[in-house]
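Dear colleague,

Here is the structure for your files. My notes on it follow below.

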Amino acid sequence: MQKSISKYISWSKTMFTALILTTSTTTFISAQTAETKTAIGTTKIWGNVDGVSVVGLVQGPSAAVADLQIACVFEYTDGDIFNPPALPKELNGMVHLDDALKGAVTEVRKTGKFKGHALETLLIAPPKGSLSSKKLLLIGLGNRNSFDAELMKEIGSVAMREALKLQVKTVSFASDIKDAGIDSPTALVAENVVLGAFDAYRTQTYLNAQHLSDKIKLQKLILLAGPSFFTVAGGGIQEAISKLNTK
């Protein structure tokens with residue numbers, strides 16, 4: 001009888017220890033995988049390239065203050081920015097942008113006036129008070145099912161060329177890929193946007209030095225990110241800045 005009791009006590013201790021270890025491990029894994037969210041409105045200068053400040057901002061494209069706001073969209077599919085896998089409305093910057101313009105973004109896409117083909121652009125002059133930016137530029141990302149992060153170098157170049165053409169001092173860029181529900185590599189996307197943007201910027205700088213273009217006025221490039229992606233995107237941006245500043 002005593003042996004049975006001792007055996008039971010020993011078994012109980014073993015199970016208790018296993019339970020504690022399992023609970024601790026689960027807690028640790030949860031802590032490791034939990035998203036770190038950055039507060040909306042957080043801003044940080046990630047660095048400078050050729051005298052232009054490269055800034056990170058946790059904000060949606062409808063609320064970011066800039067001379068020019070750039071937003072990216074895929075080719076239209078019915079309800080694509082409103083329904084899963086797109087992010088919920090409260091986290092979806094493209095939905096906020098569309099709401100601020102009273103559905104105009106959806107309308108031009110749905111009717112085929114702006115098809116969203118890769119690198120296609122559309123410049124919009126928002127009604128006063130609708131957006132925090134003075135102008136809005138849409139850039140197409142093409143077919144969502146064939147998206148490749150390498151495209152963002154070209155997107156960045158197009159964004160910069162259009163910004164320089166408009167002679168703005170501040171430009172804000174939102175890729176809106178996560179908003180659309182695409183599981184893209186955040187850091188690489190951010191890095192490629194910056195690399196492409198400054199490739200175009202340096203071409204224009206060369207032309208300017210040859211007296212073949214207007215004076216460049218750009219002072220600040222703002223990269224928007226959602227609360228869950230700010231730090232990761234920042235890593236990609238810093239990687240791009242490091243590469244650019246060693247060329």
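How many helices and strands does the chain have? There are six helices and seven strands, where helices (H or I, at least four residues) and strands (E, at least two) are DSSP runs numbered from the N terminus. Their order from the N terminus is α-β-β-β-α-α-β-β-α-β-α-β-α.

This is a predicted model, in which local features need pLDDT of at least 70, side-chain atom pairs count only at pLDDT 80 or more, and totals for chains, interfaces and linings use all residues. Residues are numbered from 1 along each chain as its sequence is written, and side-chain values use heavy atoms, with hydrogens and water left out.

Of the 247 residues, 45% are buried (under 20% relative accessible area, 1.4 Å probe, protein chains only). Among contacts (heavy atoms within 4.5 Å) with a separation of 6 or more, 73% join residues 24 or more positions apart.

Helix H5 covers residues 186-209; its 24 residues should span 34 Å at 1.5 Å a residue, and its end C-alpha atoms are 35 Å apart, which agrees. The expected span is 1.5 Å times one less than the number of residues. Just after H5, histidine 211 has a positive phi of about 60°.

H5 packs on helix H6 (residues 230-244) at an angle of about 35°, with the axes 7 Å apart. Axes are lines fitted to C-alpha atoms over the stretch in contact, and angles run from 0 to 180 degrees between N-to-C directions. The contact includes Val194 and Phe198 of H5 and Gly236 and Ile237 of H6.

Regards

Note on methods
Buried means under 20% relative accessible area, exposed over 50%, partly exposed in between (1.4 Å probe, protein chains only).
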